[in-house]
Amino acid sequence: MNQIILASHGDLSAGMKDTVSMVFGDLPNLYVVATTRDEKESVGTVTRRLLDSFQPEDQVFILTDVLGGSVNNEMMVLLRDYPEVTLICGMNLSLVLNLALAVEPLSPEAVENMIAQAREQIINCTAMLKNAAEEEEDDL
């Protein structure tokens, strides 16, 4: 099974999971860890416990919010002990949905394709509309 851990600062990862649940219901392979102001355990400790609970044949993906942020840095440290884990920084809903709904193990190429699709969802819509309007004017 593909296991997905959403790791963030504050409530971003919980909000992302909540949004996924609104669309597809509760997914048993989607987990949340976060660093908060009043945390009792570090996000690394909580993630390590989760990783240790998965089956050896599980494919594990950790998605983080900010490259170079404390959460991403802690997850990068975990890769020393869990080199089979795929750590992806820059989570968005498109990426989370694609990974969470994948039933079969994913090849590195399939993961890169999902990341590319997620990047395509980041668009300056104001600029896109302005460009479309300018092109329409030019056609007249």
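With a relative accessibility of 30%, Arg 48 counts as partly exposed (the class between buried, under 20% relative accessible area, and exposed, over 50%, using a 1.4 Å probe on protein chains only). The model is a predicted one, in which local features need pLDDT of at least 70 and side-chain atom pairs pLDDT 80 or more, while totals for chains, interfaces and linings use all residues. Residues are numbered from 1 along each chain as its sequence is written, and side-chain values use heavy atoms, leaving out hydrogens and water.

Arg 48 has a partner: its side chain meets that of Asp 81 in a salt bridge, at 3.0 Å from N to O (the cut-off being a side-chain nitrogen of Lys or Arg within 4 Å of a carboxyl oxygen of Asp or Glu). This pair ties together distant parts of the chain, since Arg 48 sits in helix H2 (residues 43-53) and Asp 81 in the loop between H3 and S4, 33 residues apart. Helices here are DSSP runs of H or I with at least four residues, and strands are runs of E with at least two, numbered from the N terminus. Searching the whole structure turns up two salt bridges. The Arg 49 and Glu 41 side chains form a salt bridge too, with 2.6 Å between N and O. Arg 49 is partly exposed because its relative accessibility is 46%, and Glu 41, at 35% relative accessible area, is also partly exposed.

Now for helix H3. Asn 72 lies in this helix, which covers residues 70-78. Leaving aside residues up to four places away in sequence, Asn 72 touches Thr 64, Val 66, Leu 67, Leu 87 and Cys 89 (heavy atoms within 4.5 Å).

Helix H4 (residues 93-101) buries Ser 94, Leu 95, Val 96, Leu 97, Leu 99 and Ala 100. The cover over those buried residues includes strands S1 (2-9), S2 (30-35), S3 (59-64) and S4 (86-89), along with helices H1 (12-24) and H5 (108-120). H1 and H4 pack at an angle of about 60 degrees, their axes 11 Å apart. On the H1 side the contact is made by Met 16, Thr 19, Val 20 and Phe 24, and on the H4 side by Leu 93, Val 96, Leu 97 and Leu 101.

Stepping back to the whole chain, there are six helices and four strands, running β-α-β-α-β-α-β-α-α-α from the N terminus. The C-alpha atoms fill a box of roughly 65 × 35 × 30 Å, taken along the principal axes. Of the 140 residues in the chain, 37% are buried. As for contacts between residues at least 6 apart in sequence, 71% join residues at least 24 apart.

Technical notes:
Axes fitted to C-alpha atoms, helices over the stretch in contact; angles between N-to-C directions.
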